[in-house]
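Me: I am new to this structure. Please show it, and then I will ask about its parts.

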Amino acid sequence: MTLVLEAAALGILTGGVYALMASGLTLIFGVMRIINVGQGALVILGAYLSFAFFRSWHLDPLLTLVITMPLMFGLGVILQIVFIRPLKTDREALSVLVTYALALGIEGALGYVFTTNYVQLRAWYETASFAVFGFHITYVYVFGFLLCIAILGALFLVLYRTSFGGALRATMLNRTAAQLIGVDVDRVSAIAFGIGVATAAAGGVVFGITNAFNPGSHYDLISRLLTIIVLGGLGSLRGAIIAALIMLVTEDITAVVISPVWATFVFFVILVVVLIFRPQGLFGVRVRDRI
Amino acid sequence: MRQPLSVTCLGLGLLLAACGGSSTTPGSAAPITIGVSVSLSGDFSGDGKALEQGYDLWAQDINKNGGLLGHKVTMKYVDDASSTQQVVTNYQTLITQDKVALVFGPFSSLLTIPASTVTDRYGYAFPEPAGGGPKVFTRGLHSIFFVQPAAVEDNLVSYTKWLLSLPSGQKPKSAAYATQDDPFTQPQVDKAKALLEAGGVTTASYKVYPAETTDFTPLALQVVHANADVVVLGTQEPDAVAFVKAFQQQHYNPKSLIETTGPDQGKDFADKVGAGNTEGIMVPAGWTPDAKAYGNDKFVSEFVAKYGGAPGDISADAAEAYSVGQVVDQASKKANSIENKALITALHSGTYNTVQGPMSFDSSGKPQGGVGVYIEQWQGGAAKFVYPTSVAAAKPEYPKPNWP
């Protein structure tokens, strides 16, 4: 029983990190109706940027976010303007190809600069832990979870308490109608893409402290992130958070109770059952944009 | 996993650059190309790079000495992205389109098994440095040769012998096992488990996990809860690092900890877990920079001169790849031919000297009569041979010191 509780606690803490990585993906889908399969590669790029500052300037990995998040935001805006904005027709299908090409480009460039050897970010809190009822909770997971709450909290504030957030939500609801009432949809999309990529930097740094990674690590990541946003409901931030927690808690408990071999399978059973009853995911809305 | 075009282009670019920069004495016979599928991306990319370095260094050496039986050698590498599908395509292309004269093996049993089916179909000899799982030898192929001191399943045999030889007061009572479901790691752990159980060490926990696992902490938690005296892990490098960190996080100090791969990666491993945290960790190893094996001193000094770093940083993968070249060189001289058929016949008899020690091959390509696999232990910031005692550079630390 203790082991199950420990696995659940661990699942919640690591789930926060996945929620952070998936939030950018779901936000980008919500605003632009595009599936950014490059999100995993952007997470790894974020981790490598932090690694570069960590290696050169011996900065604490979490502190590097002060530099990497604005950098990644800028990169996101540029990527949106150069690669996504020109897609005028068949955006959903074409965006998959374009962002996949982006992922391969990022992987190739990272391999060239950093080689394909595994690297890992190091900090005092990666192994330091404190005891709660005999179970040792590692600081890095707690910091990662707090970072997730802080960034997702800020994201909710922007979405629900600012005029830009209003414009962004209007674009998410109906792109054409938003344009008609004067929302600069192109600008909103570029900023939303930038925010999505900046959250990838934040997720990347925690991923990089808890996992050894190399430029090819994005393949496993993106498949997990896509599953999370499908379960949560495409475009739903709340859904992404809940789904990430469900995924990690289910997998971790299954791994300790039954076997790690069954961990992913059990999660997919939950996913299929949810989709049978709610094809739009847990918090997704049925889109009727073509009447 | 698809092969990224960018990575392929980059690999080709590097290959061309390497070819352009070489200054070798051409042999008297026609130059030949040797084809290899290496993992330059994906799970095995670190090991793939080390193989490439080992092969390149051998090619440089052989060309300096007049070539392989007089033929100047050029290596051609193709990235397989650690994919079992891509590795098949790569060898097919190397043989049928590039018409390479010889092929050398890729990294891991996982890739060697499908690759060897293709190379055997075309009658190519397939000397390979890193595919030693039991399945490699049970498919009736006579063209494959595993160039390591012992078959993979025997890698932990020395370790179990050492544990069982401890005085009764120190002998461990229980062991916990966790391994990837990989043809390289699982057979080693399964054999160690059988031997230790036969020796009276009870199994406190045994878990097999998929190679795609990214979150290893729940697995580590189970090992911690088993609270066994000894922990035996069937790992590649990322999980080897993750387990060490998780044990530290949980303040779990087994009396002995051995991992199948990871701690043998020298500085690369120490950088990831922290140099101070490596103390006492063990790993089976067939090669060390200090070994007094055939050509090892030269290999180590040339490797450091070509790629930089210190001898302790050299991956065993590079030494294994270099050994493949040494074996083929000696076989070609013995057969007086570089024809694949003649090489296959030659390799099935006789003993070949390598930087990993002498070895010969049985009809299935399994190494025979070699020196066996040693046990290395991290002591004072470096991995040292500690068992068997005949080759040991230091005494094993037992129990393993607690985490700092």
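Me: How many bridges join strand β1 (residues 29–38) of chain B to β3(B)?

Reply: This is a predicted model, where local features need pLDDT of at least 70, side-chain atom pairs count only at pLDDT 80 or more, and totals for chains, interfaces and linings use all residues. Residues are numbered from 1 along each chain as its sequence is written, while chains are lettered from A and ligands numbered from 1 in the order in which they are written. Strands (E, at least two residues) and helices (H or I, at least four) are DSSP runs, numbered from the N terminus. β1(B) and β3(B) run parallel, and the number of bridges joining them is three.

Me: Which residue in β3(B) stands opposite B:I34?

Reply: Look across to β3, which covers 102–104 of chain B. The residue opposite B:I34 is B:L102.

Me: What is the strand order in the open sheet of chain B with parallel pairing?

Reply: Two strands pair if DSSP finds at least two bridges between them. β2 (71–79) and β3 of chain B each have a single partner strand, so one side of each is left without a neighbour in the sheet. Neighbouring strands are turned by 25° against each other on average, direction ignored. The sheet has three strands, in the order β2-β1-β3.

Me: At what angle does helix α2 (residues 45–64) of chain B run to β2(B)?

Reply: Axes are lines fitted to C-alpha atoms, for helices over the stretch in contact, and angles run from 0 to 180 degrees between N-to-C directions. α2(B) lies across β1, β2 and β3 of chain B. Its angle to β2(B) is about 170°.

Me: Are α11(B) and α12(B) roughly parallel or roughly perpendicular to each other?

Reply: The axes of α11 (residues 316–335) and α12 (residues 340–347) of chain B come within 9 Å and cross at roughly 100°. Angles under 35 degrees count as roughly parallel, over 145 as roughly antiparallel, 65 to 115 as roughly perpendicular and the rest as oblique. The two helices are therefore roughly perpendicular.

Me: How far apart are the C-alpha centres of domain 1 and domain 2 of chain B?

Reply: The bounds come from an automatic or database domain assignment. Domain 1 is 5–151 + 291–368, and domain 2 is 154–286 + 373–387. Contact means C-beta atoms, placed from the backbone, within 7 Å; 18 residues of domain 1 are in contact with 15 of domain 2. The centres lie apart by 29 Å.

Me: Which element gives the largest share of the side of chain B that touches chain A?

Reply: 38 residues of chain B are in contact with 35 residues of chain A. Elements giving two or more residues to chain B's side include α1 (5–21), β7 (202–209) and α8 (237–249). With seven residues, the largest share comes from α8(B).

Me: What is the radius of gyration of chain B?

Reply: The radius is taken over C-alpha atoms, and the globule rule is 2.2 Å times the number of residues to the power 0.38. For 404 residues the rule gives 22 Å; the chain's value is close to that, so chain B is as compact as a globular protein of that length. Its radius of gyration is 21 Å.

How values were computed
Contact = placed C-beta atoms within 7 Å.
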